[in-house]
Amino acid sequence: MQTNQEVIVVTGGASGIGEACARRFAQAGHRVILADVNVEGGNGVTEALRRAGHDAQFHRLDLASEDSVSGFASHVIGEYGAPAVLVNSGGVLQNAVRVLDMDLAEFDRLFQINVRGTLLASRAFGASMCEARRGSIINLCSMTTFRSSAQVAYTIGKVGLKALTETMAAEWGPRGVRVNAVAPGYTLTQAMQARIDSGQRDPNAVIERSALRRFVEPSEVADAVYFLCSDQAAAITGVTLPIDCGWLASTAYLAYASQPE
């Protein structure tokens, strides 16, 4: 990013990591366009940003619909031209399920939104970025990108997004577009807190197995996203950066057969 007031598009901006990213870019003085299927949440975040003096707007977006994605992209590009940044934060979570028990309709839904939706948004905005010969795209992977998980459909999708990130980085790099991903660990978003409150996640298990003995904060993921889009990361493309409070390192260390006495 060269100057303030460049356009930043954030899908999934109504809550969680997407909301944190929208706030981070807005605080740096950029024009932020949030998109989400959650209209109430998206309007709430946008109004809060505007009250704080930031330039923000919200659009309803259904990542499962190709027409919705193409219409949204056409509107933004027609109004502002190619955005400087696209943050593909839109997606849905999954609770643990065995492969033999998983409803394939759930698998199809997660793939359609998390993977195909990211691809649709990247293609819709990436074409204009390539034409402008500049831009940065950030995809949302996960620590399940690197480790198997009982979140079967979610994990498969996040592994696929790493490959998509690398493929787009290789294809679009010669045209000035950088593509990276972040892989958050257990992040204390609204959705995570809801799962803790409902007993679907054990916070103590997360804390005990993380090297830093805590959850990741959404703002910390947003800071990493902001860095990857900045001029300070101009030579970085095609990477998937874990932001997990050391969960990947710590769980591997603790699982090893030999431990110091």
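Terms and values in a predicted model

Me: Where is Arg133 found?
Reply: Arg133 is found in the loop between helix H4 (104-132) and strand S5 (135-140), where helices (H or I, at least four residues) and strands (E, at least two) are DSSP runs numbered from the N terminus. This is a predicted model, in which local features need pLDDT of at least 70, side-chain atom pairs count only at pLDDT 80 or more, and totals for chains, interfaces and linings use all residues. Residues are numbered from 1 along each chain as its sequence is written, and side-chain values use heavy atoms, with hydrogens and water left out.

Me: What is the phi of Arg133?
Reply: Arg133 has a positive phi of about 60° although it is not a glycine. Most residues other than glycine have a negative phi.

Me: Why is Arg213 called partly exposed?
Reply: The relative accessible area of Arg213 is 48%, so the residue is partly exposed. Arg213 sits in the loop between helix H7 (203-209) and helix H8 (218-229).

Me: What makes S3 and strand S7 (240-243) edges of the sheet?
Reply: The open sheet of seven strands has the order S3-S2-S1-S4-S5-S6-S7, with parallel pairing, and two strands pair if DSSP finds at least two bridges between them. S3 and S7 each have a single partner strand, so one side of each is left without a neighbour in the sheet.

Technical notes: Buried means under 20% relative accessible area, exposed over 50%, partly exposed in between (1.4 Å probe, protein chains only).
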